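I opened this model to look up how its chains meet. I then followed a few side chains. My entries follow.

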Protein chains: 2
Amino acid sequence: MAESHETEVPVALEDPAYRAAVVDLLAVIAYGEISAFDRLSEDAKMAPTLEDKVSLYAMASIEFGHLTGIRERLTELGVDPFAVMAPFVSALDSFHHYTAPSDWLESLVKAYVGDGLAADFYREIAAFLDADTRDLIVASLSDAGHSEFVVARVKQAIADDHRVSGRLALWGRRLMGEALSQAQRVAAEHDALSALLAGGVDRPGMDLAALGRMFTRLTEAHALRMAELGLEA
Amino acid sequence: MAESHETEVPVALEDPAYRAAVVDLLAVIAYGEISAFDRLSEDAKMAPTLEDKVSLYAMASIEFGHLTGIRERLTELGVDPFAVMAPFVSALDSFHHYTAPSDWLESLVKAYVGDGLAADFYREIAAFLDADTRDLIVASLSDAGHSEFVVARVKQAIADDHRVSGRLALWGRRLMGEALSQAQRVAAEHDALSALLAGGVDRPGMDLAALGRMFTRLTEAHALRMAELGLEA
């Protein structure tokens, strides 16, 4: 059945609507990784030491390394990876614009909480996808433990000056709010993505109750991450 | 003889002067890779397209990936990698300060010519080292062909507007001049490194004639790279 294809594209992707949704999803993840690199390499300039700067560069490089597989898959799907990313540039750039950290600690919290939230969100969506696409996405989300240094740095800063924790807790809430607001915008502007979540004849989807449960899971995971940093969510 | 060491450090490194020189050399290469990441991720902002930006980010990430092995070796040698890099920060930052590209094409030429020159230089010096250190350094210099996109971009820019080539040729000469000037400063300020080049009782060194030949080889390789870009050296 798939013999007419030159590249090995999963059968599920023969459905044009599903294929369009997968392209959109991979495109938004890919641009997310590029913009994470933008932001982490920029925020790293606020690092108090060379070692801290290098730790943030390591996170940026790891994000970036994930891009390769996603670009290759998009090319296999017959699209220009950069052309399909274009519609998502504005939403992701807006997120970073509205959440530009004002100091090193805000950068660290954003790197940790922001990337964690994005990873949770994409993992939730990946559960509705064919196995190949799901594996590609899940593989692209591993940070190989490189964000762990953030926990030590933030906890130390709170130990040094407990007033820091109130400010960073507010910051974490703002990050969560902006992320949800931009995610909603992306979903609203991209019918294929909304349709993906709604499911199809032969594909499970999410009703409103399921969406609510997903939102609860994301919020709980966010609260856990904040707690790991010693912050209230 | 080496049984008293907990880590596997080559016998050659039991000579304290040689060891000090190797530490200095690895430190300057390591900080060179960090500052290359700084500069490439910053210069990438001038990219005309997302794809071009991502190509420069890829070069930055590859440079950065080389850092891991060198950091590990420095730690094995019993030093704090970041502490030993500190004396080289000023010279490398000065190089980048005096050669800040004013546009995208200058960024590309700098990425290509600057990294090539640094790689040639470290490869020359590596020839005077023990096999383990030499292998580590040579491995850290491979760019896996990621700078090849620069050639296509610069040649296209010259085809589009031939006046570009005169300006970029001057730029290449300035990069070479600044690199030599900073390299000389580094050698003059670090006795261990100068002594390394001079050789020792049981180690070959360079006399003035050999230094002259090395300089000629570096200049020739630089001219070849400029020619690949379609530029006069």
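I count a contact when heavy atoms lie within 4.5 Å. This is a predicted model: local features need pLDDT of at least 70, side-chain atom pairs count only at pLDDT 80 or more, and totals for chains, interfaces and linings use all residues. Residues are numbered from 1 along each chain as its sequence is written, chains are lettered from A and ligands numbered from 1 in the order in which they are written, and side-chain values use heavy atoms, with hydrogens and water left out.

**Entry: the interface**

I looked up the contacts between the chains first. On chain B, 20 residues are in contact with 20 residues of chain A. Of the interface residues of chain B, 100% are also interface residues in chain A, so the copies meet through the same surface.

I then looked up the buried area, the accessible area (1.4 Å probe) that two parts lose on being put together, summed over both. Chain B and chain A bury about 1700 Å² between them, with 69% of it on carbon and sulfur atoms.

Next came salt bridges (a side-chain nitrogen of Lys or Arg within 4 Å of a carboxyl oxygen of Asp or Glu). The rule finds four across the interface of chain B and chain A. One pairs the side chains of B:K53 and A:D38, at 3.1 Å from N to O.

Which helices supply the side of chain B that touches chain A? I take helices as DSSP runs (H or I, at least four residues), numbered from the N terminus. At least two residues each come from α1 (16-43), α2 (50-65), α3 (67-76) and α4 (81-98) of chain B. α2(B) gives the most, with nine residues. By type, the residues of this side divide into twelve nonpolar, two polar and six charged. Here Ala, Val, Leu, Ile, Met, Phe, Trp, Tyr, Cys and Pro count as nonpolar, Asp, Glu, Lys and Arg as charged, and the others, Gly among them, as polar.

**Entry: salt bridges and burial**

I call a residue buried under 20% relative accessible area, exposed over 50%, and partly exposed in between (1.4 Å probe, protein chains only). The structure holds 26 salt bridges over all chains.

B:K45 forms one with B:E42, with the closest N and O atoms 3.2 Å apart. B:K45 is partly exposed at 44% relative accessibility, and B:E42 is partly exposed at 33%. Salt bridges that share partners join A:E42, A:K45, B:E42 and B:K45 into one network.

I also checked A:D120 and A:R225. Their closest N and O atoms are 3.0 Å apart in a salt bridge. The pair links distant parts of the chain, 105 residues apart: A:D120 is in helix α5 (residues 104-126) of chain A and A:R225 in helix α10 (residues 208-228) of chain A. Are these two residues buried or exposed? Both A:D120 and A:R225 are buried.
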